[in-house]
Amino acid sequence: MREIVYPPVLLAARGLFAALGLRFSVEGAHHVPRSGGAVLASNHVSYLDFTFVGYGARDAGRVVRFMAKESVFRHPVAGPLMRGMRHIPVDRAAGSAAFRGAMSALKAGELVGVFPEATISRSFELKEFKAGAGRMAQAAGVPIVPTVVWGGQRIYTKGRPRDFTHRGKAITVAFGEPLAPARRDNADEVTAELRRRMTALLEQVRTAYPDRPRRDDDRWWLPASMGGSAPTLEEATALDAAEAAAAGGPATGADAG
């Protein structure tokens with residue numbers, strides 16, 4: 001099917017990135033299959049991660065169909081764009097429909113983008129993973145590409161004001177060696193191996209990231225394990241639980257269940 005919406009959206013994104021003076025680094029693009037289905041499993045540190053991962057995949061000549069909360073598809077502006085780019089809505093009350101949508105895309109040779117953590121990590125460390133990415137890959141017989149994005153939290157993340165004013169931030173997108181789970185493999189073990197590979201890739205990306213905090217109050221975007229002032233994973237988990245309790249729902253997201 002001809003892409004009508006995706007190309008102009010990518011063009012607009014490039015214009016926005018240029019206006020913000022973002023310094024992009026895409027690593028390991030050769031790990032993204034040039035054809036055929038695959039799951040891109042990414043960490044989640046900002047509201048812009050899907051844009052950055054999708055932009056990184058363009059080096060492989062591919063577009064990505066992301067699994068995203070169904071509420072986004074009801075937005076008067078974002079909704080038509082999401083549908084036009086054939087992203088996959090995820091409704092917590094009807095998760096099987098999202099799984100079927102993702103399977104259909106994978107079997108049609110598409111790349112499907114998934115955030116195994118389901119929601120943004122306030123600690124900027126990897127949270128507990130949901131098993132959906134591995135199960136989809138196993139059922140469809142496609143590889144999983146461990147993916148890491150870093151730097152987007154400095155622009156727009158949970159619990160912080162947006163910053164579209166300060167230009168020149170570095171954004172890194174890295175793709176790791178694909179994991180090819182077999183149907184008979186244990187799903188929990190597949191998820192554990194995916195998380196192990198993404199942990200190693202995230203460590204590499206964060207260590208090589210070219211920017212450092214400009215002053216002490218700019219340390220918020222670094223995890224506590226790197227001397228930053230972001231909440232620890234345990235503190236972030238407690239914040240998520242409190243937020244979910246206040247909203248009257250479970251402390252889980254719906255991006256990639």
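Biologist: What covers the buried residues of H2?
Modeller: Helix H1 (6–19) and strands E1 (23–27), E2 (38–42), E3 (64–69), E6 (144–150) and E7 (170–175) are among the cover. Contact means heavy atoms within 4.5 Å; helices (H or I, at least four residues) and strands (E, at least two) are DSSP runs, numbered from the N terminus. This is a predicted model, where local features need pLDDT of at least 70, side-chain atom pairs count only at pLDDT 80 or more, and totals for chains, interfaces and linings use all residues. Residues are numbered from 1 along each chain as its sequence is written, and side-chain values use heavy atoms, with hydrogens and water left out.

Biologist: How many residues of H2 are buried?
Modeller: Seven of the nine in 49–57, including Phe-52, Val-53 and Tyr-55. Buried means under 20% relative accessible area (1.4 Å probe, protein chains only).

Biologist: And the largest nonpolar core, which residues have the most contacts inside it?
Modeller: Val-39, Met-67, Val-112, Ile-144, Trp-150 and Leu-194, in a set of 38. Such a core is a set of buried Ala, Val, Leu, Ile, Met, Phe, Trp, Tyr and Cys residues joined through side-chain atoms within 4.5 Å.

Biologist: Which element gives the most to this core?
Modeller: H6, with six residues.

Biologist: What does Ile-144 touch, beyond four places in sequence?
Modeller: Its contacts include Val-39, Ala-41, Ala-137, Val-190 and Leu-194.

Biologist: Switching topic, how much of the whole chain is buried?
Modeller: 49% of the 257 residues.

Definitions and conventions
Buried means under 20% relative accessible area, exposed over 50%, partly exposed in between (1.4 Å probe, protein chains only).
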